[in-house]
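Subject: Structure handover and findings

Dear colleague,

Please find the structure below, followed by an account of what was found in it.

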Amino acid sequence: MFEVAAWYLASLAVGAGALLPSTLLFTRLRSRGVLYARPLGLLLVAQAAWLTAALTSVSYGPTLVGAALGALYLWSAWIAWRDPARLRLLLDRRRTLLGGEVLFLAAFALLAFVRAQAPAAIATEKPMDLMLLTVVHEATAMPPPDAWLAGFEVSYYHLGHVMVDVVQQLTGIAPATGFNLGLAATGAMVVVATVGVATDAAGLVRPRRRSTLWVAGALAVVGMVWLAPLEGLAELAAANGFGGPGFWGTLGVSGLPGPAEATNGVPDAFWWWWRATRVVPGTISEFPAFSLILGDLHAHVLALPLGLAAVALALDTFEGGTALTWKRWTGAPGALLLAGALFAGLAMTNAWDVVTYGLLWLVAAAWVFASVGWPFAGALFGAVRYLALPCAVGLAIAWPMIATFEGERPSLALVTDGASDPTRFLLFWGAVLLPVTVAALCTRPRVAPRHLGAWLLLAAAPPVAWAVAVSVGDHGPALTDRGVGWATLVVLALVVATAGAAAWGAYRDGARDRAAWLALATAAGAIVLTTEVFHVADALGYGRLNSVFKFWGAAWPLLALAGAVGVALAWDRSTLPRVGMGSLRPRPVLLGVLVGAATLLWLGSLLYAPAAAVSRAREAQAPGLDALAYLDVRDPGGAASLRWVRANLDARRHVLLEAVGASYGSGNVISAASGVPTLLGWPGHQVQWRAAPPAARRQANVDDIYREGATPRILGLVHQLGVTHVYLGNEERRQYGADVAARFEGWPVVFEAYGTRIVAVPPAGAP
């Protein structure tokens, strides 16, 4: 309980320091940016600390983090002194501030409780994320050393972990506990920022009803962090005996249906909830509710609060009340710095998001230029010119980290297999599309034929370009192999074109709120449409798997926001609320039936998240917030070894050899949890992070050492590699035999407990 309170108070202190700077950037929005202050404050402190530790001789640690926080407060004091009106602005937003803080506290407490039911940092990406958090926490310089490749620095975007560590440094909370609290706080920031974007979009035009903004905020939060795909509802129905294998099997989802066994409505099958992210073959399609329940402190989750702030910035531009010239930046250098820092933060936290949210901001600016009569090319040029200064500032901030990345530069490739069929596509996207559909039915956006024609050309461009590239290349069969996937592609293009044309018409009519939700839906559709024909070719080599994982993860929030704002505006414009949908013509009865059916499906999709949380609580993990408490039960020798390593070894002077663990496995936990490096861990990830890592050579070295033991040749090899200690635990026995410890009998034992041993490497020349 103490750690939860300390984390909340520290994050509150950081967020309070960023309140005044946030108002500099979001000048045209109803919230004035106060609901984005906490993630922006953490971002600014983390960036300042990282850059100082990377570019100077100042050591990273609590003193530097405290100094960066002090600098943030000095900036706020300077703003208050130069512009006292901003203090009055905060006072005018006191209800918004109080409501956001109550919402953050409630969400943080709830998510911390959920994480406490299954806190172990084991399996999936958790060990890697714990390793990143640990090495950041233990580092004195940036980038931090890579605990899974001794002698190298981390070559992966990790500013999100620095943002979590800012609170750890201020409170003294260890990474094992900060792992779960950091995820809970990230989820709470997502909740507050979601309310901010939804109410800012719905409030672009003064609503007729007070409740409209409440409806927008509530629906947006539910759609963002609670809603799940329809596949999750199918899992629950099948496990409770509804339907049968013949019915559910027609959906084509691998593993569905599982066993028809449930306790109190929750399926008994282990990790049944996992399949909701593997609906479309060859893809990983996470959504926020799944990520928060799964518990990976991964880059795409840590970047989501910043991504929502970037959506708010695009919305501020889209509002159109600010002249899009360089004077906007030169006259407000604080806003320029904050805008650059925001997009630099996305690049340093989850670089994929720079593409998504950067293009969203670019399109918003071009939209404004086009709305006042600029031709398409001129509007695009004007937008690029407007964004040039913040992009330059962002690049200057992010470059010291980006320059350290050693991975291969990705390229664009064609999707020649694994296209989405309509059934499984709707099983994933259907639930979050339901509010969008209801909003469209109720508000009946006007689509001018001349606008629709132009948007059809834009929406058809990616599929046509794909078809041409496939035809002239050596992928001819891909045209026919797509099969029913063509239906998905055609419908997607039509929906994007219709929504875009409707958004443009609403914008030209001055209805900025209606234009905003339609534009958000258009942007989400364009993202998904593009991933159906192109993907980023990276070191994984799994086709479009990683592209869908990253880009669909950004499309879900946009659709959740679009649906919430659209339904709220439909509510705002209904004239007979007591009669229900009767006032929404034409055909009110049919409309009511459609809306009622959609509402039932949507409500059913809300059952997944609580059922998955209950299922995780049944995994027999010891409740609490310590991500490493499981070691005392599963591997007491490993737990005791970890405590000894932390007390006696130094990450800057020692190398503790462990057996090489496979990616997503439970190996290399000592190096991950202590920061003391090993020669090689999770080689599959090293290949993703670096163009030419010495993975194969080091794997062979590790194999030789454990198989041969304490021989003169091995002594010379470990000295050459810089190894100072050798770990002999469960994983080493599993890979190299039960007698592996006996092979090192000649070397001094410095620790032994529960059958686990650590031996020190003798000095050179020792017998």
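The side chains of R573 and D572 meet in a salt bridge, with N and O 3.4 Å apart, where a salt bridge is a side-chain nitrogen of Lys or Arg within 4 Å of a carboxyl oxygen of Asp or Glu. Of this pair, R573 is partly exposed at a relative accessible area of 30%, whereas D572 is buried at 3%; buried means under 20% relative accessible area, exposed over 50%, and partly exposed in between, with a 1.4 Å probe and protein chains only.

Before going further, please note that this is a predicted model, in which local features need pLDDT of at least 70 and side-chain atom pairs count only at pLDDT 80 or more, while totals for chains, interfaces and linings use all residues. Residues are numbered from 1 along each chain as its sequence is written, and side-chain values use heavy atoms, with hydrogens and water left out.

By the salt-bridge rule the count comes to 23. One of them joins R38 and E101, whose closest N and O atoms are 2.7 Å apart. Because R38 lies in helix 3 (residues 37–55) and E101 in helix 6 (residues 94–117), this pair ties together parts that are 63 residues apart in sequence; helices here are DSSP runs of H or I with at least four residues, numbered from the N terminus. R38 itself counts as buried, at 10% relative accessibility. A further salt bridge links R652 to D650, with 3.6 Å between the closest N and O atoms, and R652 is exposed, with a relative accessible area of 56%. Salt bridges that share partners also join D146, E406 and R690 into one network.

Leaving aside neighbours within four places in sequence, R690 is in contact (heavy atoms within 4.5 Å) with D146, L149, F152, E153, V154, S155, E406 and G407.

H298 is likewise a loop residue, between helix 13 (288–294) and helix 14 (299–302), and it counts as buried at 5% relative accessibility. The side chains of H298 and D129 are joined by a polar contact of 3.1 Å, and H298 touches E125, M128, D129, Y156 and F549 when residues up to four places away in sequence are not counted.

Turning to the nonpolar side chains, a nonpolar core is a set of buried Ala, Val, Leu, Ile, Met, Phe, Trp, Tyr and Cys residues joined through side-chain atoms within 4.5 Å. The largest has 257 residues, and those with the most contacts inside it are F108 and W429. Apart from it lies another core, of 26 residues, among them L679, I705, Y706 and I714. W429 touches V528, W552, A555, W556 and L559, not counting residues up to four places away in sequence.

V470, in helix 21 (residues 449–472), is buried with a relative accessible area of 0%. With the same exclusion of residues up to four places away, V470 touches L414, H475, G476, A478 and L479.

V384 is placed in helix 19 and counts as partly exposed, at 46% relative accessibility.

With best regards

Terms used. Helices (H or I, at least four residues) and strands (E, at least two) are DSSP runs, numbered from the N terminus. A polar contact is a pair of N or O atoms within 3.5 Å; within protein, one must be able to donate a hydrogen and the other to accept it, and residues adjacent in sequence count only if both atoms are side-chain atoms.
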